[in-house]
Amino acid sequence: MSKSSFNVLQTTVNLELCKMDHWLRANKLSLNYNKTDFMLLPSRKHNPASFKVIINNHNISPEDNLKYLGVLLDNKLSWKPHVQKVKTQLSRACAILSKLKHNTTPPVPKVVYNSIIHSYLNYSTLNWGRASNATIQSLIKLQTKAIKIFLIITN
């Protein structure tokens, strides 16, 4: 991308965001500028820090990581931040499942597994094909651990 097309992109983005902000206000809606961020994918030719996004005289800050609909995205599209978040949540869920060993009846562990573990693994699965095999393996290990705990409880 040449410098002129980079500038054209910046101008176009700001113009379209201005139109969007106008439409929101005309329809009695608002945009929380303090919670609005943007992310550019890295380029060898252009520094993302030089890309300025302004909506209604508010500077919008560039970020390297964003949360979008519960999925953590980084500017390399590597899935590492999201997988780390899911691993943390699965580890906590395994601990909860382990504590149920002695204090529960058979239907409860299944509900806990489906609501906490299975739901985290299933969310946004269409995108998981982009993650590396090594990344997925760490989640499979935690899922296997949870299933073993579940089987111990139910048998």
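Helices (H or I, at least four residues) and strands (E, at least two) are DSSP runs, numbered from the N terminus. That is the naming I use in these notes. I am working on a predicted model, where local features need pLDDT of at least 70 and side-chain atom pairs count only at pLDDT 80 or more, while totals for chains, interfaces and linings use all residues. Residues are numbered from 1 along each chain as its sequence is written, and side-chain values use heavy atoms, with hydrogens and water left out.

**Entry: asparagine 75**

I started with asparagine 75, in the loop between strand S5 (71-74) and H2. Its relative accessibility is 14%, so I put it down as buried (buried is under 20% relative accessible area, exposed over 50%, partly exposed in between, with a 1.4 Å probe and protein chains only). Next I listed what asparagine 75 touches, leaving out residues up to four places away in sequence: Met39, Leu40, Leu41, Pro42 and Asp64. Contact here means heavy atoms within 4.5 Å.

**Entry: H2 against H3**

How do helix H2 (residues 80-99) and H3 pack? I get an angle of about 175° and axes 9 Å apart. The axes are lines fitted to C-alpha atoms, for helices over the stretch in contact, and angles run from 0 to 180 degrees between N-to-C directions. H2 and H3 are therefore roughly antiparallel (over 145 degrees; under 35 is roughly parallel, 65 to 115 roughly perpendicular, the rest oblique).

On the H2 side I noted Val86, Gln89, Leu90, Ala93, Ile96 and Leu97. They meet Pro109, Val112, Ile116, Ile117, Tyr120 and Leu121 in H3. By class, this contact has 11 nonpolar, one polar and no charged residues. For the classes, Ala, Val, Leu, Ile, Met, Phe, Trp, Tyr, Cys and Pro count as nonpolar, Asp, Glu, Lys and Arg as charged, and the others, Gly among them, as polar.

**Entry: H3 against H4**

I then took helix H3 (residues 107-122) with helix H4 (residues 133-154): their axes come within 11 Å and cross at roughly 175°. That makes H3 roughly antiparallel to H4. H3 brings Pro109, Lys110, Tyr113, Ile117 and Leu121 to the contact, and H4 brings Leu139, Gln143, Ala146, Ile147, Phe150 and Ile153. I sorted the residues of this contact into nine nonpolar, one polar and one charged.

**Entry: two residues of H4**

Alanine 146 lies in helix H4 and is buried, at 0% relative accessibility. Beyond residues up to four places away in sequence, alanine 146 touches Cys94, Leu97, Tyr113 and Ile117. From alanine 146 to aspartate 64 I get 32 Å, C-alpha to C-alpha, across 82 residues of sequence.

Isoleucine 140 is also in helix H4, but I have it as partly exposed, with a relative accessible area of 36%. Its C-alpha is 44 Å from that of histidine 58, 82 residues apart along the chain.

**Entry: aromatics**

I count one aromatic pair. The rings of phenylalanine 38 and phenylalanine 51 have centres 5.9 Å apart and planes at 55°, so I call the pair tilted. The rule: rings of Phe, Tyr and Trp (its six-membered ring) pair if their centres lie within 6.5 Å, with planes under 30 degrees apart stacked, over 60 edge-to-face and the rest tilted. Phenylalanine 38 is in strand S1 (residues 37-38), and phenylalanine 51, 13 residues apart from it, is in the loop between S1 and strand S2 (53-55). Both phenylalanine 38 and phenylalanine 51 are buried.

**Entry: cysteines**

I searched the whole structure for disulfides (cysteine sulfur atoms within 2.5 Å) and found zero. Cysteine 18 is partly exposed at 44% relative accessibility, whereas cysteine 94 is buried at 2%.
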